[in-house]
Amino acid sequence: MSKLLIKNIGRLQTPLGSCSHYGAKQGENQKLDQAAVLIEDDRIKEITSNGTLPQEEADVVIDAQGNLVTPGLVEGHTHLVFGGYRQAEIPLKLKGAGYLDILRAGGGILDTVQKTREASKDELYQKSRGFLDEMLSLGVTTCEAKSGYGLDLDTEVKMLQVIRELNDSHPVDLVATFMGAHAVPPEYEGRGDAYIDLLCREMIPYVKEHGLAEFCDVFCEDSVFDVKQSRRYLRCARENGLGLKIHADEIEEIGGSQLAGQMEAISAEHLIAIGEKGMEAMAAAKTTAMLLPATSFYLGKSYAPARELIQREIPVAIASDFNPGSCPSLNLQLAMNLGYLRYKMTPEEILTAVTINPACAIGRGSQVGTLEAGKQADLVIWDAPDMEMLCYRFGSNMALQVIKKGELV
Ligand SMILES: O=C(O)CC1=NCN=C1
Ligand SMILES: [Zn+2]
């Protein structure tokens, strides 16, 4: 049994509990000064404060040098696994082409689909492993990853197997989401309903039977999948015992966030264009709003109404949305900065939004997302005295040391 002590923690800041926080609770953090954490194997054993230390001896001692310590960051929304890149879209965007214009012209997601179908599993594995190494160095200790660049069974399975193999081999814990309804593949062009039939008849049952994903996600958007198609796909996911997520109201408001609330989806993602009815439905269902501010930044779009979502007592999470098309940045710290500067969330609300709330939105709220005895020992020692400094500084990696399952990584 190994024992690790982290001492001289100037400030230990964490949400508490295993449930998502909303409304006034979005900003509720425990703040302990002059703290210490005793870790036994991969679990937190004891937390002390005000200069006292745990009684038990430790094998290894880390001096946090008076810095801030928080839970490891939980990245709640990525398209981590993909072939190729889409840097060629930038000149088009800068000339005014919209995200959906590029998709309708057969580029965008479908460009990545072609490159992902062509890529070998090992090539995808190595590339994604490199991204995870970088995310870990930024303080991310748990990460959701979606499929959705295959749009045929073989390639979707290839992507989900890459996620499973990364989860087995990399320190970062991964949670897989099947997103076969990311776009209509070329071979089904103009036949979206028939593709939804294929997803429901063949792909979702296969994914469930082989334990390849815990959630299903759909891109409910103008010119992609409408509410009717999204509902049919999510009903099939629910019948197969998979959790429900939905890319909703990213570009146009077509009713995705309303559908999320009506179906009691665990989360709805993007919400830049969310309206009154969508907020009402999500508030009633306590569906988590997974906000993606770096995508707003990159697309030059407006920002989701985070303050109103908090006011409506909808749980708010913040994620990177790392993907080759609408957000080629995996930096969750940047998303935190944008949460401060553009969503006008407080540092406490932001900490909740990148720890316990995304942990709950990917089914890991009882294991990670807070620093408490019994939780998994995933922590970050920051080059900052407090959360205000962490949200204020941007462009640098502020993570000094990352502890994953009780080990310095
Ligand atoms: O464009 C992409 O590859 C990722 C994306 N899916 C839905 N919105 C963005
Ligand atoms: Zn996304």
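A polar contact is taken here as a pair of N or O atoms within 3.5 Å; within protein, one of the pair must be able to donate a hydrogen and the other to accept it, and residues adjacent in sequence count only if both atoms are side-chain atoms. The model is predicted, so local features need pLDDT of at least 70 and side-chain atom pairs count only at pLDDT 80 or more, while totals for chains, interfaces and linings use all residues. Residues are numbered from 1 along each chain as its sequence is written, chains are lettered from A and ligands numbered from 1 in the order in which they are written, and side-chain values use heavy atoms, with hydrogens and water left out.

A polar side-chain atom of Arg86 lies 2.8 Å from one of its oxygen atoms, and a side-chain N or O atom of Tyr99 is 2.6 Å from an oxygen atom of the ligand. For Glu250, a polar side-chain atom is found 2.9 Å from a nitrogen atom of ligand 1. The protein covers 100% of the 270 Å² of accessible area that the ligand has on its own (Shrake-Rupley method, 1.4 Å probe). Residues with a heavy atom within 4 Å of ligand 1 include Ile109, Tyr149, His182, Phe219 and His247.

The space taken by ligand 1 is the largest cavity, as more than half of the ligand's atoms lie within 2 Å of the grid points. On a 1 Å grid over the protein atoms alone, a cavity is a set of points where a 1.4 Å probe fits but cannot get out; a pocket is an open set with protein on both sides within 12 Å along at least five of seven lines, and lining residues have an atom within 4 Å of a point. The largest cavity has a volume of about 90 Å³, counted as the space filled by probe spheres set on the points. It is lined by 14 residues, of which His79, Tyr99, His182, Asn323 and Ser326 are the closest to its centre.

An unreviewed UniProt entry lists His77, His79, His247 and Asp321 under "binding site". Although spread over 245 residues of sequence, these positions cluster in space, with a largest C-alpha distance of 12.1 Å.

Turning to open space, the largest pocket holds about 340 Å³, and Leu110, Val184, Glu189, Gly190 and Ser223 are the closest to its centre among 16 lining residues. The second largest pocket holds about 270 Å³; Lys93, Ala97, Gly98, Tyr99 and Leu299 lie nearest its centre.

Terms used:
UniProt positions are given in the numbering used here, feature names are shortened, and annotations may be inferred rather than shown by experiment.
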